[in-house]
Amino acid sequence: MSDSRPHTLFSFGTLLDEQVQTALFGRPVPSTPASLAGYATRPQPITDPAVITASGLDVHLTLERRIGAEVKGAVLHLTDQDLAAADAYEVDDYARRRVLLSSGESAWAYLDAKPLRPAARIVIVGDSIAYGRCDPRGGWAARLAASHIGANEADHRVFNLTIPGATLAEVSEQTPALLAPRLPDTLLVAAGVNDSAQPLSGPGALSDELPRVTDSLDSLAATALSHNARLVVMGPMWLDETRTRDCWGLRFTEERALAVRESVRTWCDAHHVDHLDMWEPLRERADLLVDGLHPEAEGHEVLYRHLDAVAR
């Protein structure tokens, strides 16, 4: 069933042009002035002929994060059909995501489709794989930090707040208190395999029931939006279940890990949240896993190269 309520879309570029609106929506649409704090704009070359024809421009604008900056624009009030037309108009370089306007209201906006490319201050939360266990160099997260900060030492930061053994439920409970001092613009959630683990003894042993990871993601989405941070969810990665059937009194299986992967991916698609699938880079690469779960140094390098390709 479609939502009959009007959608609010923050625009700072060609969608404010009445000629473009008429071409897309058949009429100029209602709008109200608005601004978006913590963002600046940069040029975005366009190659789609239909978009160039509608806007008359082959260079549009896209957003990047910058503390102290503000982008002025307007909120467009759109129907379901209008929003679908706007989605079709925006090229693959853009993705529709939730932002928090300077007024405190949330709205849709079209952001860079590569979720870490416009980021300045990234907070990483997750488990031992994101923590970098089994890699003296600190894992994929340390490699991301080195590259990201090296690109702009003055303004870029990466805060790795991961905790070995953490589930998404624990991450969602612990994260709100950690964000304010870091001034994050991007919350990178490493959804690992801990949510798929089964205890080998005690209550719930070998239960078929999986935890409600979607509840945790709902909570993390609300936390990210309250800080005007972009939520990016990655993982889980492939595991070698021949070596993970009894890890610290837990049982990890590929079937259950895949179920968590599908649950995360489905939730992200439904909520227009970035999902970075980390399953394939190490699939069937048991030689790169120390214990069937944790990558060794080369495995983390493989994960980082994949992350860099899809997110930056």
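Student: Which residues lie nearest the centre of the second largest cavity?
Tutor: In this predicted model, Ile129, Ala190, Met234, Gly235 and Met237 lie nearest its centre. They are among the 13 residues that line the second largest cavity.

Student: What's the volume of the second largest cavity?
Tutor: About 100 Å³.

Student: And the classes in that lining of the second largest cavity?
Tutor: There are 10 nonpolar, 2 polar and 1 charged residues lining the second largest cavity.

Student: OK, how many cavities of 30 Å³ or more are there?
Tutor: The count is 4. The largest cavity holds about 130 Å³ of space.

Student: Which residues line the largest cavity?
Tutor: There's the run Phe10, Ser11, Phe12, Gly13, Thr14 and Leu15, then His60 and Leu61, and also Glu90, Tyr94 and Tyr110. Strands β1 (7-11) and β3 (59-78) each supply at least two residues of that lining.

Student: How does the lining of the largest cavity split by class?
Tutor: It has 6 nonpolar, 4 polar and 1 charged residues.

Student: Changing topic: which residues touch the most other members in the largest nonpolar core?
Tutor: Those are Ile124, Trp140, Leu144, Leu188, Met234 and Leu307, out of 34 residues in the core. At least two core residues come from each of β6 (121-125), α4 (128-131), α5 (139-151), β8 (186-190), β10 (230-234) and α10 (297-311). Helix α10 gives the largest share of this core, 5 residues.

Student: What about pockets, what volume does the largest pocket have?
Tutor: About 290 Å³. The pocket is lined by 17 residues, with Arg98, Ala221, His271, His272 and Val273 closest to its centre.

Student: Which element gives the most to the lining of the largest pocket?
Tutor: Helix α8 does, with 5 residues. Each of β4 (94-100), α8 (213-226), β10 and α9 (254-271) supplies at least two residues.

Student: How many charged residues are in the lining of the largest pocket?
Tutor: There are 5 charged residues, along with 10 nonpolar and 2 polar.

Student: Now Asp82. Buried or exposed?
Tutor: Asp82 counts as buried because its relative accessible area is 4%, and the cut-off for buried is under 20%. Asp82 sits in helix α3 (residues 80-89).

Student: So which side chain makes a polar contact with the Asp82 side chain?
Tutor: Arg27, at 2.7 Å. Beyond four places in sequence, Asp82 touches Phe25, Arg27 and Val29.

Student: And Ser128, where is that one found?
Tutor: Ser128 is in helix α4. The residue counts as buried too, because its relative accessibility is 8%.

Student: What does Ser128 touch?
Tutor: Not counting residues up to four places away in sequence, Ser128 touches Arg133, Ile163, Pro164, Gly165 and His294.

Student: How many Å apart in space are Ser128 and Gly26?
Tutor: They're 52 Å apart, C-alpha to C-alpha, and 102 residues apart in sequence.

How values were computed
Residues are numbered from 1 along each chain as its sequence is written. This is a predicted model: local features need pLDDT of at least 70, side-chain atom pairs count only at pLDDT 80 or more; totals for chains, interfaces and linings use all residues. Side-chain values use heavy atoms; hydrogens and water are left out. On a 1 Å grid over the protein atoms alone, a cavity is a set of points where a 1.4 Å probe fits but cannot get out, and a pocket is an open set with protein on both sides within 12 Å along at least five of seven lines; lining residues have an atom within 4 Å of a point. Grid points are joined across faces, edges and corners, and a volume is the space filled by probe spheres set on the points. Helices (H or I, at least four residues) and strands (E, at least two) are DSSP runs, numbered from the N terminus. Ala, Val, Leu, Ile, Met, Phe, Trp, Tyr, Cys and Pro count as nonpolar, Asp, Glu, Lys and Arg as charged, and the others, Gly among them, as polar. A nonpolar core is a set of buried Ala, Val, Leu, Ile, Met, Phe, Trp, Tyr and Cys residues joined through side-chain atoms within 4.5 Å. Buried means under 20% relative accessible area, exposed over 50%, partly exposed in between (1.4 Å probe, protein chains only). A polar contact is a pair of N or O atoms within 3.5 Å; within protein, one must be able to donate a hydrogen and the other to accept it, and residues adjacent in sequence count only if both atoms are side-chain atoms. Contact means heavy atoms within 4.5 Å.
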